[in-house]
Amino acid sequence: MNLFERLQKLDRRWIFLVVAVAIILPLIFPFNSKTYTTDPTEKLYRLIDSYAPGPHEKAIEKDKAVLMVFTHDASTMPELFPMEVAILRHCFERKIKVFTMTFIPSAAPIMDYAINTVKEEFPEIKSGEHYVNFGYKIGALALPIVLGMGEDIAEAVDIDAEGRKVSSLPIMKNVKNYNEMNLIMDFSGSSAGGMWITYARSKYGANVGVGVTAVMAADEYPYLQTGQITGMLAGLKGAAEYEKLVDVFASNPDPAKREFSRELLKDPKWDDAITNQNIQYKFKQARIGMNAQSVAHIMIIVFILIGNIGYFITKYKQKQQG
Amino acid sequence: MFEIVSNWVAAFLTLCIFSFLYKDNPFYRFAEYLFVGVTAGYTIPLTWEQAFIPYVYRPLFLQHKFVLLIPAIIGILYIFTFNRKLNWLSRFPIAFGMGIVGMGVPLSMHASVLVQMHGAMIPIENINTLLVFIGTVTILLYFYFSKAHTGTYGKVVKIGIWYMMIGFGASFGYTVMARISLLIGRIQFLVADVLHIIK
């Protein structure tokens, strides 16, 4: 039995072990790898950034806001949670009004966890003033709420997760419906974003963005092509891209460099983010994960090549032997 | 202290699930059953707290909005689905639900069909739009089954098959990425949150 024949009959548990090692090593010994940003991520970043109050404008007066909808449970957290953290960080850093909501019971604690993870770095950010967590709303009420928010958010949602009357919150100043809460960002491992496209975009013209698991990304591209989705974060890669954009612009130590520019993005100094001790682990989690992802992908490609070479060699030998 | 204990419990359960990669075993099954039980146990009180109390109990018994009795009774009819003689009653709330689905049909047609069709009818100005045009036409022709896929027609249809194969390849690539990401997430939890090897 030659090497390729042995590989054909290899116990798959050895492959599991090799993949596990290929993932664990880059996580324990992280290295700097480049994160290239793509158009769907940049579009989303630029739209959210355009909601930031101007230098002489009070955050509370701003008439634009983002709604983040958490449509997932813990099973898809590795891909979606870093996206949520990155967008919340962007909003808190730039004082952009942000609302959070879910129609899934098990997403409620994830929502709290995401907000608290980011908020502990921004002591000046206050609930009810800079952000509001609408909390869990039952799935049966999803449609009335989605349509109702097109007319009056405070009436459709009524109370937030802390039991406060939404209409009485300072953040609601100059925010009434989708004209102001103009971007709905849905995070899911399914086609849940379709509901927002169908009702909030078609009927009220709201912008819709999606943060999806990589499995769902291919299904969302047609909507991206027609512009029904403004931007998309696809899997861990999308999260890593958004993390980088927040580092380069929104969190840039130089306030003069916080506007999006391609020149700044090309600066190689931003490629050391993974080993840079000044950036907290929770704000570069997706980029560290992408290191392991790259190594694992190379391993899988090698396995596929070896498997196919072995298959063709074995087939050729069998043919030779008649 | 709570965080340390909860992290170790989560780490133990993660390893229980991973143990299935070696072979099926009692640790894996324990973690699986526990997950199902915890999910159900979490959902029931949350629905009571977030749905029944604010949308039924409070408006009905405290604010005396008796009109809510009508949807509440219609909703209760669902329970007759378990009774052979009276299960016809459960069709009323189902019919009501179907009516709500019907409300979305015109908007769904707009978003999923008309706008998407419009997106495929743009002028061929560059290589991308040309590729979209060829792909759309050849794939649609593949799904036209009233003509045999032979001769010149068969060759055109084959281009559609290639487009679909590339699409499936892209989907598969994304799926591999997603599954690896889930593994990365768990290992990041183990090495960062539990063992504190990376910070």
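The structure is a predicted model.

In chain A, the assignment gives domain 1, made of residues 3-28 together with 290-320, and domain 2, covering residues 39-273. The centres of domain 1 and domain 2 of chain A, taken over C-alpha atoms, are separated by 40 Å.

Strand β1 of chain A spans residues 65-71, and seven of its seven residues are buried, so the strand is largely enclosed by the rest of the structure. With β2(A), residues 97-102, β1(A) runs parallel and is joined by five bridges; here A:M68 stands opposite A:T100. With β4(A), the pairing is again in the parallel sense, over six bridges, and A:L67 has A:I184 as its bridge partner there. Helix α4(A) also belongs to this picture, as β1(A), α4(A) and β2(A) make up a right-handed β-α-β unit.

Helix α8(A) is worth a visit next. At 1.5 Å a residue, its twelve residues should span 16 Å, and its end C-alpha atoms lie 15 Å apart, which agrees. Ten of the twelve residues are buried, so α8(A) is largely enclosed by the rest of the structure. Among these buried residues are A:M195, A:W196, A:I197 and A:Y199, as well as the charged A:R201. The surroundings come from both chains: the buried residues of α8(A) pack against α6 (142-148), β4 (183-188), β5 (207-212) and α9 of chain A, together with α5 (105-120) of chain B. After the helix comes A:G205, whose phi is positive, near 75°.

The contact takes 39 residues from chain A and 38 residues from chain B. On the chain A side, the elements that give two or more residues are α2 (12-28), α4 (77-93), α8 (193-204), α9 (214-225), α10 (235-250) and α12 (285-320). By class, this side of chain A has 24 nonpolar, eleven polar and four charged residues.

Definitions and conventions
Residues numbered from 1 in each chain as written. Chains lettered and ligands numbered in written order. Predicted model: local features only at pLDDT ≥ 70, side-chain atom pairs only at ≥ 80, totals over all residues. Contact = placed C-beta atoms within 7 Å. Helix = DSSP H or I, 4+ residues; strand = E, 2+ residues; numbered from the N terminus. Expected span 1.5 Å × (residues − 1). Buried ≥ 20, exposed ≤ 12 C-beta atoms within 10 Å, placed from the backbone. Domains from an automatic or database assignment. Pairing = 2+ DSSP bridges. Right-handed = clockwise from strand over helix to strand, strands pointing away.
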